[in-house]
Amino acid sequence: ITFLLILFVSSLSAQVGQARILEVKDGHMDKFMSGVAKKTQMYNNSEDSEKFYTFQILTGPNATDFIRVRWMESINELDNPVDADELAYWNKNARPHYTEGAARIWSRNANLSHVPEESGNTNLRRVIYYNYKDSGEQDFWRFRQRVKKAMVECGYGSAMNVLGCASGCNGNWVQVRFHHKNFTGQNNDYGTPLTDMISKYDELYGKDAYEQDSQKVDESLMPNGRMIRHQVLIPELSSPANME
């Protein structure tokens, strides 16, 4: 019940990302990036404008394509009317250069995410996508709750955001996004900071608790229920105040 309450309470006021995969046409990369950059600068660059963030996919079947995320404080913002001039500019300057792939809505779980005050400039994302069984819900979310607690207790310096798929997915999909400055930063973050976090986890929950709980998470997943991808934020194609 505790884990379900965490998920429910978080979803009441959760930040939401409306994400679309944009598959750039052959030979259109420069025009695509120019069109998206100019549109974002013109329409999504102020405090009160819609916020959009563009990530290039670095690994997996969609490598070199992009994920364009409309970032909102609440899903209610999906009811806001689209600015006609903004849409017209996008249709003229960006849409001719890509085909649209999957579209999904992701809800950020603030209770299980960890964002230190001084996490620095971190554009690289190592993203783990999970698909857990209905019967594995408790084991999956217990582990995520305990990881958050251990990160806080040990002063883990890197950001980690946990997002659940609210629409557009088949099954119980979750993405856990680890923020790094670059690949060297990822390597450094998974050195002593990670081992310190695991030690704190075991201190809080018992000897070998991290290993045992990790095994339970493995057992909670659907077949092929874990995928790892890398993405990088493209600042010139994104709103200035990155929140994800």
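This report describes the strands, helices and selected residues of one predicted model.

## The barrel

Start with the sheet. Eight strands close into a barrel in the order β1-β3-β2-β8-β5-β7-β6-β4, and the pairing is antiparallel. From one strand to the next, the twist averages 35°.

The table lists them with their bridge counts and one bridge partner pair each.

| Strand | Paired strand | Bridges | One partner pair |
|---|---|---|---|
| β1 (residues 16-24) | β4 (residues 98-108) | eight | Glu-23 and Thr-99 |
| β2 (residues 51-57) | β8 (residues 221-233) | three | Gln-56 and Val-232 |
| β5 | β7 | nine | Tyr-132 and Asn-172 |
| β6 (residues 160-167) | β7 | five | Met-160 and Phe-178 |

β8 pairs with β2 through three bridges. Strand β5 in turn pairs with β7 over nine bridges. The barrel order places β8 between β2 and β5.

Strand β7 covers residues 172-180. How many of its nine residues are buried? Eight are, and the strand is mostly covered. β7 also forms a hairpin with β6, with four residues between the two strands. Gly-168 sits in that turn and has a positive phi of about 100°.

Helix α2 (residues 29-43) touches β1, β2, β3 and β4. The direction of α2 makes about 10° with that of β3.

Ile-57 belongs to strand β2. Is Ile-57 buried or exposed? Its relative accessible area is 7%, under the 20% cut-off, so Ile-57 counts as buried.

Which residues does Ile-57 touch beyond its neighbours within four places in sequence? The contacts are Asn-62, Ala-63, Thr-64, Asp-65, Phe-66, Ile-67, His-230 and Gln-231. Ile-57 and His-230 are 173 residues apart in sequence, yet their C-alpha atoms are 6.3 Å apart in space.

Thr-64, one of the contacts of Ile-57, lies in the loop between β2 and β3 (66-72). Its backbone deserves a look. Most residues other than glycine have a negative phi. Thr-64 has a positive phi, near 85°. With a relative accessible area of 47%, Thr-64 is partly exposed.

## The helix contacts

Helix α6 (residues 192-205) meets two other helices, α7 and α4. Two packed helices are described by the angle between their axes and the distance between the axes.

Take α4 first. Helix α4 (residues 137-154) and α6 pack at an angle of about 110°, with axes 8 Å apart. Angles of 65 to 115 degrees count as roughly perpendicular, so α4 and α6 fall in that class. Their crossing is right-handed. On the α4 side, the contact residues are Phe-143, Arg-146, Val-147, Lys-149, Ala-150, Met-151, Glu-153 and Cys-154. On the α6 side, they are Asp-196, Met-197, Lys-200, Tyr-201, Leu-204 and Tyr-205. By type, the residues of this contact divide into nine nonpolar, no polar and five charged.

Now α7. The axes of α6 and helix α7 (residues 209-220) come within 8 Å and cross at roughly 95°. These two helices are therefore also roughly perpendicular to each other. From α6, the contact uses Met-197, Ile-198, Tyr-201, Asp-202 and Tyr-205. From α7, it uses Ala-209, Tyr-210 and Asp-213. This set divides into six nonpolar, no polar and two charged residues.

Asp-208 is not a glycine, but its phi is positive, at about 65°. At 35% relative accessibility, Asp-208 counts as partly exposed.

Notes:
Residues are numbered from 1 along each chain as its sequence is written. This is a predicted model: local features need pLDDT of at least 70, side-chain atom pairs count only at pLDDT 80 or more; totals for chains, interfaces and linings use all residues. Side-chain values use heavy atoms; hydrogens and water are left out. Axes are lines fitted to C-alpha atoms, for helices over the stretch in contact, and angles run from 0 to 180 degrees between N-to-C directions. Angles under 35 degrees count as roughly parallel, over 145 as roughly antiparallel, 65 to 115 as roughly perpendicular and the rest as oblique. Contact means heavy atoms within 4.5 Å. Ala, Val, Leu, Ile, Met, Phe, Trp, Tyr, Cys and Pro count as nonpolar, Asp, Glu, Lys and Arg as charged, and the others, Gly among them, as polar. A crossing is left-handed if the near helix is turned anticlockwise from the far one by less than a right angle, and right-handed if clockwise. Two strands pair if DSSP finds at least two bridges between them. Buried means under 20% relative accessible area, exposed over 50%, partly exposed in between (1.4 Å probe, protein chains only).
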